[in-house]
Amino acid sequence: MAEFDEYESLPTSNSTTHMIAGSMAGVLEHCVMYPIDSVKTRLQSLVSANRSLGSVLVTMMRDEGALRPLRGIGVTVAGAGPAHALYFAAYERLKVDFTSTGSAHHNYLAQGAAASAATVLHDGIMTPAEVVKQRLQMYNSPFRSMTECALKVYQTEGFSAFYRSYGTQLAMNVPFQCVHFIVYEAMQNATNPERTYNPLGHVVSGGVSGALAAALTTPLDVCKTLLNTQEAEVLQRAQKTQISGFVNAAKMVYRLGGVSGFFQGLQARVLFQVPSTAICWSVYEFFKYFLTKNGLNDQREGGGVTYEKSDRVSGGSGTGYPLNSLNDVSSNNAIVGGVSLGAGHVLLKEDLLPTGSAASSALSAARALGAV
């Protein structure tokens, strides 16, 4: 099985770091970009006039109040935290599990499969949140709060209403996330091959991957919005009480908007996803780095793994083995018994005498790298 690379693996045997970093990234991403998301929902309405992102935002704030673009943000925060925690933890683990040889960073098939599986977990939490959020975002929404909206939907349409668009959501998000993660990983391989913490690289890679994925999946997003909102005027035109299923939604979009109807809100969606994914990846990578760094510091202070030096710790004859996964991330210095050995130091089999409460875990890591 391929091992996690560099700082990504150290304190994350239980995926705690990825879950914490993922939840922070999800919440911040959605909070910062929420006003644009509200405008996107309005622009994807099949009964709205063709207007620009700016004009819709100004009209919302002028006619419905300055805080109107933020309506429904509470339910998004409630859903985004746990959804992204599961999402990133599953992706990071599964891309390694799906890689039999070599580095998971270069196995794009494994990345796509991991992204697909992680999306199923993510959307299981976010789909009900999206239903409530988008109904609160629509023009003339009759709901005053997320609690009122959720209860009303449940009472009038049943529990299944919260998952009416789940199939469409998956049909949209699986290809979206496959493109998103594969492009991100590919850009990181090209611009940041050492996989160090590189804020600018994470921002650029995240933004480009988000833009491509968003543009390609906009038609599916339009259908999802229709299924979630069940706009009264659309139902009246269609002479239906509700629209269910991706096929029916696609037929209705084409009937009311033609081919161009599938691309309503394209500009808003791309403009939303570029900074959104840039924020998400930069925040995620920051917290992953921060938590990993602190984990290493704790280990060096005696709370984790310590190593005793043998006579051959400074070198010696024979074949050596670089132990990258036990290096100080900030300086790439090998750490043995709390002593910095310098960048590029090569440890030998005989150099490793693990002690302390986490010795067995450290020994396993060393064996996996071929050092023991």
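This report covers the cysteines and the aromatic ring pairs of a predicted model.

## Cysteines

A search of the whole structure returns 0 disulfides. A disulfide is a covalent bond between the sulfur atoms of two cysteines.

Cys149, at 0% relative accessibility, counts as buried.

## Aromatic pairs

The structure contains 16 aromatic pairs. One of them joins Phe159 and Phe162: the ring centres are 6.2 Å apart and the planes stand at 55°, so this pair is tilted. Phe159 counts as exposed because its relative accessibility is 54%. Phe162, with a relative accessible area of 9%, is buried.

Another pair is formed by Tyr184 and Trp281. Here the ring centres lie 3.7 Å apart with the planes at 10°, so the pair is stacked. Tyr184 belongs to helix α6 (residues 166–191) and Trp281 to helix α11 (residues 266–303). The two residues are 97 residues apart, and their pair links distant parts of the chain. Tyr184 and Trp281 are both buried.

## Aromatic cluster

Tyr184 and Trp281 also belong to a cluster linked by ring pairs. The cluster comprises Tyr87, Phe88, Tyr91, Phe181, Tyr184, Trp281 and Tyr284.

Definitions and conventions
Residues numbered from 1 in each chain as written. Predicted model: local features only at pLDDT ≥ 70, side-chain atom pairs only at ≥ 80, totals over all residues. Heavy atoms only, no water. Disulfide = S-S within 2.5 Å. Buried < 20%, exposed > 50% of the residue type's maximum accessible area, 1.4 Å probe, protein only. Phe/Tyr/Trp six-rings, centres within 6.5 Å; stacked < 30°, edge-to-face > 60°. Helix = DSSP H or I, 4+ residues; strand = E, 2+ residues; numbered from the N terminus.
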